[in-house]
Amino acid sequence: MAGRMLKFIRGKGQQPSAERQKLQNELFAFRKTVQHGFPHRASALAWDPLLRLSAIGTATGALKVYGRPGVELYGQHTNPDAAVTQIHFIPGTGRLISLCDDNSLHLWEINEKSLVELKNHAFEGKNKKISALCMESSGKNLLLGTEGGNIYTLDANTFTMNEDVIYQDVVMQNCPEDFKVNPGAVESICEHPKAPTRILIGYNRGLVVLWDRQSATPTHTFVSNQQLESLCWNDEGEHFTSSHNDGSFVTWEVAGAASDRPLKEPVTPYGPYPCKAITKILNRTSVDGEEVTIYAGGMPRASYSDKYTVTVQQGEKHVAFDFTSRVIDFFTTTPVPPDGAPLQEERPLTPASLQLQSVNQVAAALVVLVEEELVVIDLCDAKWRPLKLPYLVSIHASAVTTAYLVDNVADTVYDNIVAAGEKQIEDVYSDSPWPISGGEVESADAAERQILLTGHEDGSVRFWDVSAVVMTPLYKYTTSHLFSGEEIGENNDSQNDEEEWPPFRRVGTFDPYSDDPRLAVKRVILCPLSGMLTIGGAAGHIVIASLKNCPTTAEVKSISVNIVSDRDGFVWKGHDQLTLRSGALTFSQGYQASAVAQVSPPAAITALAAHWEWGVVCAGTAHGLALLDALAPAALLHKCTLNPHDHSGAGDTPISRRKSFKKSLRESFRRLRKGRSQRRQTTAASPTSPTQPAKKVAEKIAENEAEVVKPIERAVEARSTDDAFGSMVRCLYFARTFLISTQHSVPTLWAGTNNGTVYAFTINVPSANKRKDEPLTCQLAKEIQLKHRAPVISITVLDGASVPLPDPLEVERGVAPLPEGGTHRVLIVSEEQFKVFTLPSLKPHNKYKLTAHEGARVRRTAFAWFECASGGERHREWCLLCLTNLGDCLLLAADLRRQLNAAAVRKEDINGISSLCFSKRGEALYLHSSSELQRITLSATKVTRAQCHVLLSPWAVALKSAAEEAPLTNGEHKEESADAVHDVTAASADITVDSVRDHTQQPSTDLPNELNINLQNSQVNTSSMVVKTTTRTTVNENSADGAATTTTTTTTSNSTSENILEHSREEGVITRIETGTVTVPAGTDPKLILEMFDRQRSPLTVPVPPAATAAAPTES
């Protein structure tokens, strides 16, 4: 017994020392940092013309503010199910108000570096459903139009309702009789540009009233016979334009006497046949002084009802910009000032003064938000070309099918990719500066080059610079032009035809449709030092491309490999392979294909590896693997991994053809019966069974003692040997190691399959001067079969210091040192465990059973190095990163001891887990949604976060400090640390000291107010504690000054109780005991709790000495 216990303790290992724990804290830390790409399900847009910031809201309650590249601020509404429907900036103040579809308003503030929710206000009642918003240009009030027809006023500072209400009944007094019954919901509210006390009120049925707020009377009434969609003033306020649901817009004059006649006849730009609604219209002035009309919609219903358009008209120029997804909103911006966003000396109080300071009505650029992308049109450009997006780029322009993260890209490779990308977009985009130019970027440290490659459904590979906060598109490589076929063709739409009406012009990059699903990119790898690109596709094709600085014309060499050539009875029932174009092909500057290999059967590529020091490429499919000489080019070796008796063709369909439904049912019932019988046997042999003699019970306990001291392990069943996908190659790996003997290292190829088989091949690579003359040879050297037949996820050879061997060309180019001497080991990671074998003997060295201990399965692994300054010296160590099917990220040291476990991805997010890719510095990227990448880090020192702030004008700073005390964030008076600024898991609160004060100013009732304050966390569920606060106030009525003594104590408890108010009168002393409960996040400062409680208490007055006949005194 003692021996077994000692063995278990040794196997368990010692707990880390204090020094090691300190080092772990300096090396490892998990946090979510920035987000790249386009917000998922965008639903609202706003623009601050003074600070030059833009805000985007989403259907999942996210709020994002953007300025110049590098300025990004994130917020999250507490209700993720409430979509953001409207956003309005309070110009120049750094504040904005959002409206959600649950009829709640939220006040947000940019506290220089963070976006914090200060207050919220919810409206209840059917008639109070908000249908229109208008922020006063003074920024003091927000006008709320409702479906009931009334207009309410919300104080933007205190976020409380004013008594100033514009009732529909009052407005209707001077209206035509047919509108008095029901004019409909308030559709639009617009301030007069010169006189902000006059507002336009547009009702759904077509009635428009010009209302004077000072005299509370209507001055003009305008009647349209079409349903109203939107309203817009012109620059001077002499006339306005209304757009309607029949595709028309009407201009009305208000400068003269009261008139209900339009200035011009209704214009239906795309009539005369029935048209769709014009949902929004803007009248602007161009930089040349001409009138510009911009509107969304209005297309003919019969012909173009499926089009999403924004039309721009200026004089003779007329373009209908055609988008591939629904238009959400749009705004125009002014020319970009030299310093990005100038500060204003005085606060603008009218729309006209706002225009003078921001030149708001001069349209230099048009910013359009559609569901799947952002498009900016340069209205100063003669051709109205779009601007290149520095951020918010749609990574899902074609659906993402794979991703690959490359670290330490050589400068020459990076520069050539950038040059090729610039050549691609020559004359496509305008050169004007980016109009959303607010905020300041504090530091732009030039980090090492990091490129993300995304493979797409249309056969393209996109290159992105992800070295910093901004994800910049660099280059796009397309493989479809290499192949011919009926489905594959160039887009020959004559969309710029001169005679076409409406004058459509396709803009944006979002195009979710693929010509041929076989083109989809399944695997992609880039050599960061040589720049060689290798792509594996869905039709079993491998494209090898090199980076060139000039256009060329050449013939692409073809390689064919039949993986199942030794299986005579094999029948492939899947799709055909792609047809390579014959003859010489013309390639532009950038990546140019040198060879295309086609494996047969043409199943999708499941694994890919390349070693450009040796010039070899290996690809795996569901049937086996093929090794290629990329320099010759020629096929070197193929290995079929199919079961010898399997002639079905695994990989041709997602369901195995040879497993019948009947057989599957039979096997399921057998497993059920087997499980039941085992349970019955266990119950019968239970030591607590009364039928067993005591002696047998004692013997049974003695036999089970060994199991008591063992760590609890889940029973992991061995997998079936006839699994339909057991032959699939899951991972490939090249390494120079000691596979045959301990004296000489040889080039090797390792392959792991879905049924737990590992093949190790030796490759004979001639010396560099004979490389092109002598052929490469390859042969199978060793084969390993894992006991549980779990899929092999990755294979890595470690040197004598337990560090992964350098990548190809790294030693040759001086990027990495030579591997340490000593015994090499190979780490084989299956779905269920990590196992290390010594080389060349392949004896087991150590292992870590993940599935047995924790019930999770491995999904992805990578090695990364972590560095910190410990004790004045730089300390670096390599660790194994692992992502599980539960979305957890594990960090294991070289000896497989766990260093960190973090819940990184939601376990329900299957796409996020399958798309995650690690970097060599301990960071990772994964698809947070179909259009957005989330960046995380497991390193305490390598953190990519936005270092930015927003400068406010002195009047805005004074307004902010006078109106608000410091906001409460997580219940503490503190500035958010830079680390948490853009961490989406950072907490933000929805309560301030002001909101407590507002709460205390409510009319008192007979019952004392209960103080129950919930500091809600936006995304993180923090544990909370209930604090019971008891305040004892004693007033001595005999004292001349009525001095009061207050004693306050706090205790924490797990249950809340009702508030208690006690009065007693003894010997001239009044004592009041108040007890309140406050629910706050755990760890909140007690002083803050007392401060909030003190604000709740009503003052205790000193009573007047009672007369002889007076009743007992009462408290105020």
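Pro 272 is found in the loop between strand S19 (249–253) and strand S20 (278–286), where helices (H or I, at least four residues) and strands (E, at least two) are DSSP runs, numbered from the N terminus. The peptide bond that joins Gly 271 to Pro 272 is cis, with omega about 5°. The structure is a predicted model, in which local features need pLDDT of at least 70 and side-chain atom pairs count only at pLDDT 80 or more, while totals for chains, interfaces and linings use all residues. Residues are numbered from 1 along each chain as its sequence is written, and side-chain values use heavy atoms, with hydrogens and water left out.

A cis peptide bond also links Trp 501 to Pro 502, with omega near -5°, and Pro 502 has its place in the loop between strand S33 (483–484) and strand S34 (504–506). Most residues other than glycine have a negative phi, and most peptide bonds are trans. Arg 52, in the loop between strand S2 (42–48) and strand S3 (53–58), has a positive phi of about 55° although it is not a glycine. Arg 52 is buried, with a relative accessible area of 2%; buried means under 20% relative accessible area, exposed over 50%, and partly exposed in between (1.4 Å probe, protein chains only). Arg 789 has a positive phi of about 55° as well, and lies in the loop between strand S50 (777–785) and strand S51 (792–798), but at 22% relative accessibility Arg 789 counts as partly exposed.

The chain contains 14 helices and 66 strands, and buried residues make up 51% of its 1116 residues. In helix H2 (residues 18–27) the buried residues are Leu 23, Gln 24 and Leu 27. They cover an arc of only 105° around the axis, which puts them on the same side of H2; the arc is that of the directions from the helix axis to the C-beta atoms. The face of H2 turned away from this buried side carries the exposed residues Ala 18 and Asn 25.

By the rule applied here there are 18 aromatic pairs, where rings of Phe, Tyr and Trp (its six-membered ring) pair if their centres lie within 6.5 Å, and planes under 30 degrees apart count as stacked, over 60 as edge-to-face and the rest as tilted.

Phe 834 lies in strand S53 (residues 833–838) and Tyr 848 in strand S54 (residues 843–849), so the pair ties together parts that are 14 residues apart in sequence. Both Phe 834 and Tyr 848 are buried, and both Trp 233 and Phe 240 are buried. Phe 222, Trp 233, Phe 240 and Trp 252 form one aromatic cluster.
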